[in-house]
Amino acid sequence: MSETRVVIVDDEPEMLENLDRLLTGEGYRCWTLSDPTSYREVAAQARPDVLISDIRMPTVDGMALLTVARADDPKLPVILITGHATVSSAVEAIQEGAFDYLAKPFTADQLAVAVERAVRYRRLMVENESLREQVSSRSGPEVVGSSAPLVRLLDQVQRVAATDANVLITGESGTGKELVARSIHTQSRRSEGPFVPVDCAALPEGLLESELFGHEKGAFTGAIAKRRGLLSEANGGTVFLDEVGELTPPLQAKLLRVLEDRRVRPVGSSHYQDIDVRVVAATNVDLQTAARNGAFREDLFYRLNVVHLKAPPLRARDGDVVLLAERFLDQFARAAEREPPMISPEVWEALESYDWPGNVRQLKNLVERVVALDADGRVTLSDLPPEIRFAGIGSARQPTNSSTGLAHLPYADAKDTAVRAFQATYLRELLDAHDGNISKAADTAGVSRRTLHRWLAEFDEGGAGVAEDGTGGSP
């Protein structure tokens, strides 16, 4: 997005001229119109990245224009402005899908902040959309994301899939290790064969041995019929051993023998069966350390770890939360036979800021819950658990360098007074930590002095209790 395009709609010529002048001075390309009924014609030519519209206009009001614009482009951020601001009208605007809401008279700095936020949001949406097809072609339909760590992993998957080498996938719980294993299988020459997953942590040793290797009739109490093992079921395909680190030492020895001889002996049988199977294993523990400590067979570790792939945690996959959440929203909404709910920009910011200790699985569960409880077709901050709702604030209150901190604080809408209180507290503590030194505070927060002054003024004017000297405003 080398050139950011802004359409401005207002029936007051003076306001149109002022907004055009201010935003053009900031480097934006602007289209202005006083008649909102011509919006679609102008938008078809301009292809706007941001829409700014007055609410009260004689022909079509801003709320109606918001509906039209969002119907044409659901990812278009819309900033509404009005000279008749109330808390209820601000809440209504945000609930209807407006990105931001400015009350007249507003300053040039307040306008610049709102448009800058809208542009960042738009850029994220567009970049994710453009990368979706590219990543899908590498990974198949299930692995979703466009972040650098995931793209690197998918490149490795593509290369290793062309071989028959055993693969060990490591990573935290919930990072999608089974999806990576399935992707290896579907891109391999074994894709026409079976993919057989085995949860090594789900069954006790006796049952797991029977599941893996099969058994003869009468081999043990309850073995009333002969049964093929899962390793034999995977013949010609891929077996996925999930949580392989949970195997007991006797089962580790038997699995090692299978990998070395490429044949299995069912429980209770004296005969071996040849198998042609590729083994992909996964674990969330450090098998190399376990092998060093004697908790896992070292020779089995090296047999499994011919190729090592690491599934990155969700917190390291910048931008993928949005892609995954959109996929899950569509998936669960279709299952419930309803339209996916509209997600407010503040919710996207909170989801992006959260650390996701449960990784993709946790995000999927959250989206399923949101869809199940949806009553009005909208998801706002109040619909999120507290630890996610205030994620951006929590991370920003302990800034470390120029890449984190105040620059990534989510600006809340009028109804989210608790969020703004957290933001004000952060600003106050930041200034206290530097004895009111604006330059040092701005450097810690990762923003310019001008930006920090602007935000301090905004909070002070809004009654949030932060003054520029760091002493705080109203209690």
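Trainee: Which residue in E4 does Ser53 stand opposite?
Mentor: Ser53 stands opposite Leu80 in E4. Please keep in mind throughout that this is a predicted model.

Trainee: What makes strand E3 and strand E4 a pair?
Mentor: Pairing requires at least two bridges between two strands, and strand E3 (residues 50-54) is joined to strand E4 (residues 78-82) by four bridges, with the two running parallel; therefore they count as a pair.

Trainee: What is the strand order of the sheet to which they belong, and which strands are its edges?
Mentor: The order is E2-E1-E3-E4-E5 in an open sheet of five strands with parallel pairing. Strand E2 (29-33) and strand E5 (100-103) are the edge strands, since each pairs on one side only. Neighbouring strands of this sheet are turned against each other by 20 degrees on average, direction ignored.

Trainee: Why are E7 and E14 said to stand at the edges of their sheet?
Mentor: That open sheet is formed by five strands in the order E7-E10-E13-E6-E14, with parallel pairing. Strand E7 (195-199) and strand E14 (307-310) each have a single partner strand, so one side of each is left without a neighbour in the sheet. The twist from one strand to the next averages 20 degrees.

Trainee: Why is Cys30 called buried?
Mentor: Cys30 has a relative accessibility of 18%, and because buried means under 20%, the term applies. Cys200, with a relative accessible area of 3%, is buried by the same cut-off. As for disulfides, the structure holds zero.

Trainee: Why is Ala336 called partly exposed rather than buried or exposed?
Mentor: Its relative accessibility is 38%, which lies between the 20% limit for buried and the 50% limit for exposed, so Ala336 counts as partly exposed. Ala336 is placed in the loop between H13 and E15, and its C-alpha lies 8.0 Å from that of Ala372, although the two residues are 36 apart in sequence.

Trainee: What makes the lining of the largest cavity nonpolar?
Mentor: Its residues divide into eleven nonpolar, no polar and no charged. Among them are Ala325, Leu329, Ile343, Trp348 and Val370, and because Ala, Leu, Ile, Trp and Val all count as nonpolar, these examples fit the division. Helix H13 (320-335), helix H14 (345-353) and helix H15 (359-373) each supply at least two residues of this lining.

Trainee: How is the lining of the second largest cavity divided?
Mentor: That cavity holds about 60 Å³ of space, and of the twelve residues that line it, Ile94, Gly97, Met342, Ile343 and Ser344 are the closest to its centre. The lining divides into six nonpolar, four polar and two charged residues. Helix H4 (87-95), strand E15 (342-343) and strand E16 (378-379) each supply at least two of its residues.

Notes. Residues numbered from 1 in each chain as written. Predicted model: local features only at pLDDT ≥ 70, side-chain atom pairs only at ≥ 80, totals over all residues. Heavy atoms only, no water. Disulfide = S-S within 2.5 Å. Buried < 20%, exposed > 50% of the residue type's maximum accessible area, 1.4 Å probe, protein only. 1 Å grid on protein atoms, 1.4 Å probe; cavity = no way out; pocket = protein on both sides within 12 Å on 5 of 7 lines; lining within 4 Å. Points joined across faces, edges and corners; volume = space filled by probe spheres on them. Axes fitted to C-alpha atoms, helices over the stretch in contact; angles between N-to-C directions.
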